[in-house]
Amino acid sequence: QLQLEESGGGLVQTGGSLRLSCAASGLSLDGYTIGWFRQGPGKEREGVSAIGTRDSWMSYGASVKGRATISRDNSKMTVFLEMNSLTPEDTAVYYCAAGPGSFNTPIQTMMKESWYDVWGQGTQVTVSS
């Protein structure tokens with residue numbers, strides 16, 4: 001059974017950067033689409049980024065485009081999310097999730113929460129002003 005655990009969150013100053021990790025256990029990440037989502041205080045959960053099977057595609061939400069990079073290290077069973085130029089608007093609990101890999105499903109579909117069925121517990125990121 002696949003399990004995911006996020007790490008790398010913490011307190012960051014405005015303008016800073018961080019790297020979040022999503023470590024898998026139980027099963028290999030091969031064949032899975034991995035997504036990052038976040039939920040800020042009083043906000044709905046939103047898609048931040050996702051990476052397709054065999055790194056066939058990467059996608060980013062509008063709020064982080066140009067500031068985020070998603071990558072995968074299958075040998076370490078880990079997916080990373082690097083973000084820079086952080087602002088207080090990036091303050092949120094960040095979750096990673098795993099869903100089916102697909103080569104013929106629209107990426108927009110695979111950026112939605114409903115695509116994913118295995119979730120981590122989340123890691124808190126707080127950006128101070």
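**Ground rules.** I number residues from 1 along each chain as its sequence is written. In this predicted model, local features need pLDDT of at least 70, side-chain atom pairs count only at pLDDT 80 or more, and totals for chains, interfaces and linings use all residues, while side-chain values use heavy atoms, with hydrogens and water left out.

**Strands.** I took helices (H or I, at least four residues) and strands (E, at least two) as DSSP runs, numbered from the N terminus. Two strands pair if DSSP finds at least two bridges between them. I found β1 (residues 3-7) antiparallel to β3 (residues 18-25), joined by five bridges. Glu6 stands opposite Cys22 in β3. β3 also runs antiparallel to β8 (residues 78-83), with six bridges, and Ser21 stands opposite Phe80 in β8.

**Salt bridges.** I counted six (a side-chain nitrogen of Lys or Arg within 4 Å of a carboxyl oxygen of Asp or Glu). One of them joins Glu89 and Lys43 at 3.1 Å, N to O. Glu89 lies in the loop between β8 and β9 (92-100) and Lys43 in the loop between β4 (32-39) and β5 (46-51), so this pair ties together parts 46 residues apart in sequence.

**Burial.** I called a residue buried under 20% relative accessible area, exposed over 50%, and partly exposed in between (1.4 Å probe, protein chains only). Glu89 is exposed at 53%; Lys43 is partly exposed at 39%.

**Asp90.** I noted a salt bridge from Asp90 to Arg67, with closest N and O atoms 2.8 Å apart. Asp90 is buried at 1%, and Arg67 is buried at 17%. Salt bridges with shared partners join Arg38, Glu46, Arg67 and Asp90 into one network.
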